[in-house]
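Me: I'd like to go through this protein with you and ask where each label comes from. Can we take it one term at a time?

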Amino acid sequence: DIIPQPLLDQYLSMTDPARAQTVDTEIAKHCAYSLPGVALTLGRQNWHCLKDTYEALASDVQWKVRRTLAFSIHELAVILGDQLTAADLVPIFNGFLKDLDEVRIGVLKHLYDFLKLLHADKRREYLYQLQEFVVTDNSRNWRFRYELAEQLILVLELYNPNDVYDYLRHIALTLCSDKVSEVRWISFKLVVAILQKFYANSANALGLNFINELVVRFRHCSKWVGRQAFAFICQVG
């Protein structure tokens, strides 16, 4: 009743490999790009019409198709709501996390937007996986690590101080010692945001422990770049 059935059938057929050979080699990518709009038009009650197509696109051999979905999965989560997201999108999101960097950057750029839509217990499952973003296929891909630090500043609000101390603190310290200065700069802001998180939530003991760790790691570092990092952290704070 929402759109003509032949039009929907035509859209769903865009994942057919034969169409790529006879119509357009990029047809699956176009299908992936349009999917959130089609899902919004059909509404979450008709998601079952698109589910198989979405899963087919998410496992497409072309990384550009998977990348397109990775960049829009947070938008689709808003359209579908928490229950369908947990059931149908989280498994695909998990697959993208282990994909090529070209695909992973899509979920990383909107990591906060996706995680905030999940229930707290499901969100906690990603705490350990976040550190996997530090490792990239190409170590020269510093913008990936920069994006991670930027997203973690936002993600802090989604977790309690103890989780931040146990999981995110380690990532922040690693990024503060990155070889690329732009990554270190944004990481200093992340460190300060973590300290603010502790003291805003009256987790003074965690804040003090973290400060002592920063002093030992950077203030008393034998290399000047470490001592410079400490000065910059103080400046940002």
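Me: How many residues of domain 1 are in contact with residues of domain 2, and what makes that a contact?

Reply: Ten residues of domain 1 touch nine residues of domain 2. Contact here means heavy atoms within 4.5 Å. Before we go on: this is a predicted model, where local features need pLDDT of at least 70, side-chain atom pairs count only at pLDDT 80 or more, and totals for chains, interfaces and linings use all residues. Residues are numbered from 1 along each chain as its sequence is written, and side-chain values use heavy atoms, with hydrogens and water left out.

Me: Where do domain 1 and domain 2 lie in the chain?

Reply: Domain 1 covers 1-118 and domain 2 covers 142-236. Those bounds come from an automatic or database domain assignment. Taken over C-alpha atoms, the two domain centres are 35 Å apart.

Me: How much area is buried between domain 1 and domain 2?

Reply: About 900 Å², with carbon and sulfur atoms giving 74% of it. Buried area is the accessible area (1.4 Å probe) that two parts lose on being put together, summed over both. On the domain 1 side, Leu108, Lys109 and Tyr112 lose the most area to domain 2, together 61% of what that side buries.

Me: What makes Lys109 and Glu147 a salt bridge?

Reply: Check the distance: their side chains meet at 3.1 Å, N to O. A salt bridge needs a side-chain nitrogen of Lys or Arg within 4 Å of a carboxyl oxygen of Asp or Glu, so this pair qualifies. Between domain 1 and domain 2 the count is one salt bridge, while the whole structure has eight.

Me: Which helices do Glu147 and Lys109 sit in?

Reply: Glu147 is in helix 9 (residues 142-155) and Lys109 is in helix 6, so the pair links distant parts of the chain, 38 residues apart. Helices (H or I, at least four residues) and strands (E, at least two) are DSSP runs, numbered from the N terminus. The protein chain has 13 helices and zero strands.

Me: Why is Glu147 called buried, but Lys109 partly exposed?

Reply: Buried means under 20% relative accessible area, exposed means over 50%, and partly exposed is in between (1.4 Å probe, protein chains only). Glu147 has 11% relative accessibility, so it counts as buried. Lys109 has 36%, so it counts as partly exposed. Across the protein chain, buried residues make up 46% of the 237 residues.

Me: How do you know that Arg145 and Asp178 form a salt bridge?

Reply: Their N to O distance is 2.4 Å, so it passes the salt bridge test of within 4 Å. Arg145 is in helix 9, and Asp178 is in the loop between helix 10 (161-176) and helix 11, 33 residues apart. Both Arg145 and Asp178 are buried.

Me: What about Asp101 and Arg104: how far apart are their closest N and O atoms?

Reply: They are 2.9 Å apart, and the two form a salt bridge. Asp101 and Arg104 both lie in helix 6 (residues 101-109), three residues apart, about one turn of the helix. Both are buried, too.

Me: Why is the Phe198 and Phe210 pair called edge-to-face?

Reply: Rings of Phe, Tyr and Trp (its six-membered ring) pair if their centres lie within 6.5 Å; planes under 30 degrees apart count as stacked, over 60 as edge-to-face and the rest as tilted. Phe198 and Phe210 are 6.2 Å centre to centre with 85 degrees between the planes, so they pair edge-to-face. Phe198 lies in helix 11 (residues 181-200) and Phe210 in helix 12 (residues 204-219), so the pair ties together parts twelve residues apart in sequence. Phe198 is at 0% relative accessibility, so it counts as buried, and Phe210 is buried at 0% as well. A search of the whole structure finds ten aromatic pairs. Ring pairs also link Phe93, Phe114 and Tyr126 into a cluster.

Me: What makes you say that the charged end of Arg169 sits over the ring of Tyr165?

Reply: A charge sits over a ring if NZ of Lys or CZ of Arg is within 6 Å of the ring centre and within 35 degrees of the ring normal. The charged end of Arg169 is 4.1 Å from the centre of the Tyr165 ring, and it sits over that ring.
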